[in-house]
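Thank you all for coming.

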Amino acid sequence: MGITRVAIAGSTGSIGTQTLDFVAQSEGQFEVVGLGVGSSVDEVIAQAKLWKPKVVAVANEDARKRVAEALPEVQVVAEQTALAEVADVVVNAVVGFAGLSVTMSTLQQGKRLALANKESLIAAGPVVQPLRKIPGAHIVPVDSEHCAIHQCLRSSGNEHREVQRLLLTASGGPFRGRTKESLAHVTVEEALKHPTWSMGPKITVDSSTLMNKGLEVIEAHELFGTGFDQIDVVVHPQSVVHSMVEFTDGAVIAQLSMPDMRLPIAYALSYPQRASVPFGAIDWSTLARLDFEAPDTQTFVCLNLAYEAGRIGGTAPAWLSAANEVAVEAFLSGKITWSRIPEVIDATLQQHDGLVPTIVEDILHADALARRFALQVLAA
Ligand SMILES: NC(=O)c1ccc[n+]([C@@H]2O[C@H](COP(=O)([O-])OP(=O)(O)OC[C@H]3O[C@@H](n4cnc5c(N)ncnc54)[C@H](OP(=O)(O)O)[C@@H]3O)[C@@H](O)[C@H]2O)c1
């Protein structure tokens, strides 16, 4: 088995740095050939000096100039799309809709996409799906729930038949068990205190509203072709069961491990083999209990909004995701309260124009339009 060439878009973030950590422990199985960031100059220069990639992509113009000056021997470019040109597998660890070009370009070039960036698939599902038929193009999910389902389906030996439903587990986030009233004045700091996972700020806020789980429902629909009536969410506070597949005979296959994103990252990079470095192995002598409960959709209405947008289809998921990004950014910068997040998304979705996308420009248009409406709702 030869060395796998890896490029990481979003290399300075939570998933990006954990990917590099896994590669560092994998003793020459992988070569880091590309790194991509938004604007973190010092961090990406340090990573490039260590990993010696061929290409570094920097979205922000000023940051790019500084990175190019510091790394004269490296090709420093603007577009993250350059990463797929030099790699066998691209990890899309960009946060938000900005990850779309990475998803598209990797599949267009017939490469494996280790997909953490759920927003690109959710917003652009109808135009991403045909790209999956390109020879060599292949998505292996990094999101822990979808990676779990991928493993369960694979283990069943029958990936496309006899599936009754997918069961996505959710930790419930930092506000599990709280009432709507008690959540009226929660702070950013409280929302960022996730009980089981350490992640970037956007996904951590999404976990606190259950929008993350809603986005994952749409992601599961896109990845596995499962209907929305056959995707259920189960709250599981310990985050040990990462998701499950129920088959037509009632049997359920689950994937269990301690919460550690390096396991799904390692799975996606090593596929179809298993990684030789173990992460998240369970100590069964100390694992006391596994609890499960239904999600509280009265309090965490974002989950309902996501099902609603998913069922509408077309560009509705793009609108949902764009409105959510605007609302979460406004919450993180102190402009709105946590409880306003679903209100902004709901009000934006009411304006959805019903467009069914056929080309990527339709998705870009939908994203821009939804952001404009969401900003208007914020300003009202
Ligand atoms: N963190 C987790 O455990 C986890 C689990 C499951 C799924 N995910 C998904 O993985 C994705 C990344 O999450 P994260 O938590 O790792 O986010 P994060 O820590 O906020 O990191 C985001 C990364 O994206 C880069 N970036 C931002 N804007 C960019 C742009 N315009 N072009 C190129 N790169 C850009 C950032 O670069 P700068 O440093 O330069 O800003 C950074 O490297 C999200 O879609 C999330 O939903 C994450």
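Which residues of H5 are buried? Before I answer, please keep in mind that this is a predicted model, in which local features need pLDDT of at least 70 and side-chain atom pairs count only at pLDDT 80 or more, while totals for chains, interfaces and linings use all residues. Residues are numbered from 1 along each chain as its sequence is written.

The buried residues of H5 are Leu100, Ser101, Val102, Thr103, Met104, Ser105, Thr106 and Leu107. By buried I mean that 20 or more other C-beta atoms lie within 10 Å of the residue's own, whereas exposed means 12 or fewer and partly exposed is in between, with C-beta atoms placed from the backbone. Helices (H or I, at least four residues) and strands (E, at least two) are DSSP runs, numbered from the N terminus. Helix H5 covers residues 100–108, and because 8 of its 9 residues are buried, it is largely enclosed by the rest of the structure. Those buried residues pack against S1, helix H4 (82–86), S5, S6, H6 and helix H15 (360–379), where contact requires C-beta atoms, placed from the backbone, to lie within 7 Å. After H5 comes Gly110, with a positive phi near 70°.

Let me turn to the sheet. It is an open sheet of 7 strands in the order S4-S3-S2-S1-S5-S6-S7, and the pairing is parallel; two strands are said to pair if DSSP finds at least two bridges between them. Strand S4 (75–77) and strand S7 (138–141) are the edge strands, each pairing on one side only. On average, neighbouring strands of this sheet are turned by 20° against each other, direction ignored. Helix H1 lies across strand S1 (4–9), S2 and strand S5 (89–92), and runs at about 160° to S1; the axes here are lines fitted to C-alpha atoms, for helices over the stretch in contact, and angles run from 0 to 180 degrees between N-to-C directions.

Next, the domains. The protein is divided into domain 1 (4–141), domain 2 (145–172 + 216–293) and domain 3 (178–209 + 296–380), with bounds that come from an automatic or database domain assignment. The centres of domain 1 and domain 2, taken over C-alpha atoms, are separated by 25 Å, and 19 residues of domain 1 are in contact with 16 residues of domain 2. On the domain 1 side of this contact, S1, H1, H6 and S7 each supply at least two residues, and H1 has the largest share, with 5 residues. That side divides into 11 nonpolar, 6 polar and 2 charged residues, where Ala, Val, Leu, Ile, Met, Phe, Trp, Tyr, Cys and Pro count as nonpolar, Asp, Glu, Lys and Arg as charged, and the others, Gly among them, as polar.

What surrounds the ligand? There are 30 residues around it, of which Gly10, Gly13, Gly38, Met199 and Gly200 come nearest; a residue belongs here if its C-beta atom, placed from the backbone, lies within 6 Å of the molecule. Helix H1 (14–24), strand S2 (30–37), helix H6 (118–128) and helix H9 (201–209) are the elements that give two or more residues to this shell, and H1 gives the most, with 3 residues. By class, the shell has 13 nonpolar, 13 polar and 4 charged residues, and it draws at least three residues from each of domain 1 and domain 3.

Finally, some backbone details. Lys52, in the loop between helix H2 (41–51) and strand S3 (55–58), has a positive phi of about 50° although it is not a glycine, and Lys52 is partly exposed, with 13 other C-beta atoms within 10 Å. Leu210, in the loop between H9 and helix H10 (211–224), is likewise not a glycine and has a positive phi of about 70°, but Leu210 is buried, with 29 other C-beta atoms within 10 Å. The peptide bond from Tyr271 to Pro272 is cis, with omega near 5°.

How values were computed:
Contact = placed C-beta atoms within 7 Å.
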